[in-house]
Amino acid sequence: MNILILGDIVGKKTVEYLSKNLWSLRKEKRIDMVIANGENATDIMGLAPDDAKALLDGGVDVITSGNHIFHNRALYQMLDDSRVIIRPLNAPAAAPGCGETVFEACGYNVLVLNVLGMMGMEYAQNPFEAVDKALHRMEGRYDFAIVDIHAEATAEKQAMGYYLAGRAAAVVGTHTHVQTADARVLEGGTAYITDLGMCGPEGGILGTDKNVILKRFTTGLPQKFTVADGEIKLSGVVVTVENNRAINIEKI
């Protein structure tokens with residue numbers, strides 16, 4: 001079974017690109033399931049219902065998220081109603097939605113979990129405890145698990161990878177928008193990468209207009225973020241799973 005896991009989607013142009021091209025990519029790469037982080041898909045911070053629907057109609061099976069998912073209040077009802085758009089497990093108790101889902105693909109029940117890192121993230125509770133509780137709660141209802149840890153600190157992401165080695169088929173990091181070079185399969189059959197990178201326009205800084213970011217850094221003053229122009233580039237991994245364990249991870 002081949003699972004395509006895409007990094008943070010940035011901007012409406014990227015949503016439109018995926019809507020037009022993802023099904024052909026799935027066919028080319030023989031992809032059985034697609035997971036994508038959508039927390040930056042609308043105006044860099046947040047996800048609007050129409051963009052969520054476009055991604056799901058365009059070939060994304062499960063949308064994960066992160067600290068920006070609650071910026072667009074119009075999504076709250078969809079978070080409560082949908083089983084394929086998830087928010088971090090360790091978000092505040094008052095948050096809408098759910099941090100886990102089981103998606104059926106190729107005869108497998110795939111548990112997808114989403115957690116926030118603690119370091120540099122506001123209001124995040126302990127992600128290690130949250131994952132443990134979810135795996136225990138869902139025991140017997142899934143064949144293997146995929147975990148998206150949305151975190152700032154590379155050490156925290158690596159710690160989650162080793163913590164879940166042999167217990168999850170894949171642990172992937174998101175949030176920093178730059179793909180790391182450490183994709184590998186850990187002991188026990190757990191595919192791992194510290195950050196998937198982003199899906200968005202080249203030529204900017206993390207998908208944002210570089211002039212806006214440069215002005216922010218050089219003046220120290222707040223700026224309104226706008227999505228960069230440029231050719232859309234997709235970043236992520238394809239994880240191959242056999243007998244509920246990862247046997248390969250390939251960067252794209």
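## Salt bridges across the chain

The side chains of Lys13 and Asp229 meet in a salt bridge, 3.6 Å from N to O; the term asks for a side-chain nitrogen of Lys or Arg within 4 Å of a carboxyl oxygen of Asp or Glu. Lys13 lies in helix H1 and Asp229 in the loop between helix H6 (210–219) and strand S12 (232–233), so this pair ties together parts that are 216 residues apart in sequence. Helices (H or I, at least four residues) and strands (E, at least two) are DSSP runs, numbered from the N terminus. Lys13 is exposed, with a relative accessible area of 54%, and Asp229 is exposed at 60%. Here, buried means under 20% relative accessible area, exposed over 50%, and partly exposed in between (1.4 Å probe, protein chains only).

This is a predicted model, in which local features need pLDDT of at least 70 and side-chain atom pairs count only at pLDDT 80 or more, while totals for chains, interfaces and linings use all residues. Residues are numbered from 1 along each chain as its sequence is written, and side-chain values use heavy atoms, leaving out hydrogens and water.

Asp51 sits in helix H2 (residues 49–57) and Lys12 in helix H1 (residues 12–29), 39 residues apart. Asp51 is buried, at 3% relative accessible area, whereas Lys12 is partly exposed at 41%. Lys12, Asp50 and Asp51 are linked in a network of salt bridges.

Arg26 and Asp61 also meet through their side chains in a salt bridge (3.1 Å, N to O). Arg26 belongs to helix H1, and Asp61 to the loop between H2 and strand S4 (62–64), 35 residues apart. Arg26 and Asp61 are both buried.

## Helix H4 and its two sides

Which residues of helix H4 (residues 127–137) are buried? They are Pro127, Phe128, Ala130, Val131, Ala134 and Leu135. These residues cover an arc of only 160° around the axis, which puts them on the same side of H4; the arc is that of the directions from the helix axis to the C-beta atoms. On the other side of H4, Lys133 and His136 are exposed.

The buried residues of H4 pack against strands S5 (100–105), S6 (108–116) and S7 (144–150) and helix H5 (154–163), where contact means heavy atoms within 4.5 Å.

## The nonpolar cores

A nonpolar core is a set of buried Ala, Val, Leu, Ile, Met, Phe, Trp, Tyr and Cys residues joined through side-chain atoms within 4.5 Å. The largest one has 25 residues, and those with the most contacts inside it are Ile3, Ile5, Met33, Ile146 and Val239. Strand S13 (residues 236–242) supplies the largest share of this core, three residues. A second, separate core of 24 residues includes Leu4, Leu18, Ala36 and Val238.

## Strand S10 and its partners

Strand S10 (residues 190–193) points Thr190 and Tyr192 one way and Ala191 and Ile193 the other way, and all are buried. Strand S8 (residues 170–174) runs parallel to S10, joined by three bridges; two strands pair if DSSP finds at least two bridges between them. Strand S9 (residues 184–186) pairs with S10 in the antiparallel sense, also over three bridges. In the hairpin of S9 and S10, Gly188 takes a positive phi near 95°.
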